[in-house]
Amino acid sequence: MNLLTVENLTKSFGEKLLFENISFGIEVGQKVALIARNGAGKSTLIRILAGEEIADEGKITMGNDITISYLPQNPEMDEDQSVLDYLFDSDNALVTLIKQYEELIAQKTVNQQLLGQVINRIDELHAWDFEAKIKEILGKFDINDLNQKIGALSGGMRKKVALSKALIEEANFIILDEPTNHLDITMIEWLENYLDRQNLSLFIVTHDRYFLDKVCNVIIELDGGNIYRYKGNYAYFLEKKAERLAVEMAGLEKARSLYNTELEWMRRQPQARATKPKAREDAFYDLEEKAKQKSKVETREFNVNMQRLGGKILELNYISKKYGGQKILEDFTYTFNRGDRIGIVGKNGCGKSTLLRIIMGEIKPDKGKIVRGQTVEFGYFQQEGLPINEDKRIIDIVKEIGEQIEIKKGSMSPVQFLSYFNFHPDVHYNYFSKLSGGEKRKLYLLTVLLRNPNFLILDEPTNDLDIETLNKLEEFLLNYEGCLLIVSHDRYFMDHIVDHVFVFQGDGKVKDYYGNYSEFYRQWKIEENKQRKKNTKDKPIKKPDNRGKKLTNKPTYKQVKEYETLEDEIAQLELRKSNLIDKMNQGEGTHEDYRIWSEEVGEIVRIIDQKTDRWLELSEIIERVE
């Protein structure tokens with residue numbers, strides 16, 4: 001069944017044409033990702049589909065009974081509005097009803113008569129499962145104080161509140177623009193699982209390649225003004241795009257060969273040409289245009305001519321930092337070595353960016369000593385703020401760093417450099433202020449790389465970058481011979497670039513784990529589940545003595561029994577949750593009973609998530625053997 005049809009859509013801003021006469025469709029139940037370069041018009045297209053912007057030409061046709069929920073890349077929010085008012089600001093009757101219920105139970109003195117009326121109405125609509133869904137979403141994004149003003153929230157928390165609103169809306173078509181920005185990795189993985197299991201249609205712009213692979217079943221690529229459709233996940237897209245480019249390359253080579261033949265014909269005497277059909281002459285000019293197209297396969301590598309790095313690089317000795325009563329770092333010690341490639345992971349607000357700012361001297365530690373080597377030249381990309389003059393032209397920003405960009409194998413002109421990173425020559429003389437958000441971040445990142453640092457510190461470098469730029473950035477970093485220290489929530493990026501991670505565990509504790517992100521995460525889930533089991537028992541778990549025993553990859557008897565027990569426990573919890581929601585829908589109990597049942601449903605959802613994680617972990621072990 002057709003959900004949405006786009007026909008001959010065209011949009012431009014001034015002289016800049018974003019796309020022209022593009023057409024595509026989305027079927028009910030499809031989860032579609034849009035991939036394109038920065039500045040190609042991804043966010044503009046999304047705003048047009050969401051009804052927030054008007055196309056210059058073309059038509060969009062929606063199916064019947066389609067309700068849309070939309071998350072913009074940079075949500076506009078009323079600073080004076082409370083989180084509760086923002087989340088439940090909706091024309092949806094069900095959402096409005098739940099808002100009224102939440103407001104009533106939050107009051108010190110509850111209007112019992114009005115609460116009873118609201119509860120009866122929720123009973124009539126059988127809406128308690130919807131209330132449980134809201135609690136699950138808000139709990140996952142750590143949104144606890146619904147009376148807090150929007151103006152008091154950080155940028156990351158604002159994005160989480162906006163994302164929660166998009167998920168809470170009872171819509172059957174959700175449009176999300178970069179939903180993973182500002183989420184920590186645990187939240188991203190929850191969002192993946194949530195969207196994967198929901199029976200709805202999605203249209204998403206994201207640079208998170210693991211997210212694309214897990215959630216989306218259709219990829220639409222906007223490239224060179226054309227739409228290419230791939231019915232499969234991100235891995236399938238990569239395979240089929242490579243095949244398409246190979247076919248295009250073969251066609252281009254054939255066109256160039258034919259062009260040389262026809263060029264000789266065109267250079268003959270005018271008298272000779274006059275006897276030839278004019279159609280052949282017209283065809284020549286079409287062929288010439290095709291033959292002169294540039295290949296999309298880039299062969300030249302960009303590697304900076306890095307400054308020499310001495311023996312002493314950077315030492316952090318017993319660094320401690322507190323904000324109020326919150327410990328960020330406690331006695332953190334590390335000596336950086338040549339070639340270190342370190343990722344930093346942890347929940348939002350745990351102090352990852354603080355460590356970077358301490359290293360750069362922007363923040364002083366409460367105690368401890370920092371020793372920097374004399375030859376160290378930092379390249380620092382900050383997460384917030386772009387320290388570039390908005391009134392400068394793009395080409396001038398690059399020329400200020402150098403009229404020639406020195407690389408390992410020769411040099412590049414500023415024009416070649418910008419073109420390599422997908423800044424089309426048409427925009428080189430545009431002002432920085434005219435760039436899209438992704439293009440601004442990309443240019444800022446490039447100015448950091450251009451200064452030939454031998455120690456790169458990158459704070460969320462992947463946010464808002466297109467996938468093609470990410471691939472080039474990864475290629476550069478893999479060949480980079482200096483030290484790397486990266487904060488990123490992009491798991492694909494981290495798995496490819498770093499070889500060990502600093503794990504911010506909270507309360508000032510930082511663990512140094514040797515391995516990439518996925519290796520750390522697997523080990524962390526195992527340890528977390530062990531600790532959870534340990535905390536539920538009165539005495540510590542006695543570890544078996546494996547000395548002298550032959551190691552085996554087979555699951556133990558204990559693991560098999562735990563796996564079977566978890567299946568039963570999860571089923572019982574789901575049954576308990578269903579029974580509670582049924583009781584609430586049937587109108588049984590007092591107002592206080594409803595409050596208690598509602599809280600219990602939220603706790604059950606949390607426990608189910610924990611037990612499901614452990615069940616999945618054990619299932620991998622058992623299925624691997626089978």
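Modeller: We can start with the whole protein and then go to a sheet and a helix. Keep in mind that this is a predicted model.

Biologist: Fine. How many helices and strands does the protein have?

Modeller: There are 20 helices and 20 strands.

Biologist: What share of the residues counts as buried?

Modeller: The protein has 626 residues, and 46% of them count as buried.

Biologist: And the accessible surface, what does that come to?

Modeller: About 32,000 Å². Carbon and sulfur atoms make up 47% of that surface.

Biologist: Now contacts. Take residues at least 6 apart in sequence: what percentage of their contacts join residues at least 24 apart?

Modeller: That is 68%.

Biologist: On to the sheet. What is the strand order in the open sheet of 6 strands?

Modeller: The order runs β14-β17-β18-β12-β19-β20, and the pairing is mixed.

Biologist: Which are the edge strands?

Modeller: β14, residues 378–381, and β20, residues 509–514. Each of them pairs on one side only.

Biologist: How are neighbouring strands turned against each other?

Modeller: By 15° on average, with direction ignored.

Biologist: Do me one pair. Are β12 and β19 parallel or antiparallel?

Modeller: Parallel, over 4 bridges. β12 covers residues 341–345 and β19 covers 500–506.

Biologist: What stands opposite Val345?

Modeller: Val503 in β19.

Biologist: Last one. Which strands does helix α12 touch?

Modeller: Helix α12, residues 352–359, packs on the sheet and touches β12, β14, β17, β18 and β19. Its direction makes about 145° with that of β17.

Note on methods: Residues are numbered from 1 along each chain as its sequence is written. This is a predicted model: local features need pLDDT of at least 70, side-chain atom pairs count only at pLDDT 80 or more; totals for chains, interfaces and linings use all residues. Side-chain values use heavy atoms; hydrogens and water are left out. Helices (H or I, at least four residues) and strands (E, at least two) are DSSP runs, numbered from the N terminus. Buried means under 20% relative accessible area, exposed over 50%, partly exposed in between (1.4 Å probe, protein chains only). Contact means heavy atoms within 4.5 Å. Accessible areas come from the Shrake-Rupley method with a 1.4 Å probe; for residues, only the protein chains shown count as cover. Two strands pair if DSSP finds at least two bridges between them. Axes are lines fitted to C-alpha atoms, for helices over the stretch in contact, and angles run from 0 to 180 degrees between N-to-C directions.
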